[in-house]
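User: Can you walk me through this one? I'd like the fold to begin with, then whatever holds the parts together.
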Amino acid sequence: GVRWGGAWGEVSGAGPHAIVHATTVGMHGGPDPTGALLPAEAFTPGSLLYELVYTPRETPLCARARARGARVIDGVAHFAAQARAQLASWCPALEVDDARWARLFDAALEA
């Protein structure tokens with residue numbers, strides 16, 4: 001049930017859809033830190049935005065998606081999942097449960 005929808009102007013049909021944003025637009029220090037590649041109309045309550053930009057955590061694109069009721073997985077969540085997978089790969093004997101991982105990551109974000 002998954003297919004490539006194409007560029008924003010080419011996507012047609014109603015229903016849930018997932019959008020993966022993997023550019024530096026909207027990133028602090030990037031070429032367009034206040035930009036967002038998609039209009040608010042790209043998002044619906046049934047859609048999902050998977051954002052890879054992690055700084056700032058709430059990019060302009062995340063804000064647009066949330067305002068339209070879309071589910072958002074922000075870049076920090078992506079970054080944390082990537083770090084956890086690397087830790088598991090490098091230190092397979094180290095067991096870190098979900099609750100402990102969340103506490104460690106929250107502490108790192110606060111620092």
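**Chat notes on the fold and its contacts**

User: What am I looking at, and how many helices and strands are there?

Analyst: This is a predicted model. The secondary structure comes to three helices and three strands, and the order along the sequence is β-β-α-β-α-α.

User: How much of the protein is buried?

Analyst: 24% of the 111 residues count as buried.

User: And what share of the contacts comes from residues 24 or more positions apart?

Analyst: Counting contacts with a separation of 6 or more, 53% are between residues 24 or more positions apart.

User: OK, the core. Which residues make up the largest nonpolar one?

Analyst: There are 10 of them: Ile19, Leu38, Ala42, Phe43, Leu49, Leu61, Cys62, Ala65, Ala70 and Val72. Helix 1 gives the most to this core, with three residues. There's also a second, separate core of five residues, and Val76, Ala80, Val96 and Phe105 are among them.

User: Why would residues three or four places apart point the same way?

Analyst: An α-helix has 3.6 residues a turn, so residues at that spacing, three or four places apart, point the same way.

User: You listed Cys62. How many disulfides are there?

Analyst: The count comes to zero disulfides. Cys62 is buried, at 0% relative accessibility, while Cys91 is partly exposed at 33%.

User: Switching to charges. How many salt bridges turn up in the whole structure?

Analyst: Two. Arg57 forms one with Asp74, where the closest N and O atoms are 2.8 Å apart. That pair links distant parts of the chain, 17 residues apart: Arg57 sits in the loop between strand 2 (48-51) and helix 1 (60-67), and Asp74 in the loop between strand 3 (71-73) and helix 2 (75-90).

User: Is Asp74 buried or exposed? And what about Arg57?

Analyst: Asp74 has 8% relative accessibility, so it counts as buried, the cut-off being under 20%. Arg57 is at 42%, so it counts as partly exposed.

User: Which side chains meet in the other bridge?

Analyst: Glu58 and Arg66, with an N to O distance of 2.9 Å. Glu58 is partly exposed, with a relative accessible area of 37%, and Arg66 is partly exposed too, at 38%.

User: What about aromatic pairs, how many does the search find?

Analyst: One aromatic pair. Tyr54 and Phe79 are stacked, 4.7 Å centre to centre with 15° between the planes.

User: Which parts does that pair tie together?

Analyst: Tyr54 lies in the loop between strand 2 and helix 1, and Phe79 in helix 2, so the pair ties together parts that are 25 residues apart in sequence. Tyr54 counts as partly exposed at 38% relative accessibility, and Phe79 counts as partly exposed at 39%.

User: Last one, Ile73. What is it in contact with, leaving aside neighbours within four places in sequence?

Analyst: Ile73 belongs to strand 3. Beyond those neighbours, Ile73 is in contact with Leu48, Leu49, Tyr50 and Glu51.

User: And how far is its C-alpha from that of Leu52?

Analyst: The C-alpha atoms of Ile73 and Leu52 are separated by 8.6 Å, and the two residues are 21 residues apart along the chain.

Notes
Residues numbered from 1 in each chain as written. Predicted model: local features only at pLDDT ≥ 70, side-chain atom pairs only at ≥ 80, totals over all residues. Heavy atoms only, no water. Salt bridge = Lys/Arg side-chain N within 4 Å of Asp/Glu carboxyl O. Helix = DSSP H or I, 4+ residues; strand = E, 2+ residues; numbered from the N terminus. Buried < 20%, exposed > 50% of the residue type's maximum accessible area, 1.4 Å probe, protein only. Core = buried A, V, L, I, M, F, W, Y, C linked by side-chain atoms within 4.5 Å. Phe/Tyr/Trp six-rings, centres within 6.5 Å; stacked < 30°, edge-to-face > 60°. Disulfide = S-S within 2.5 Å. Contact = heavy atoms within 4.5 Å.
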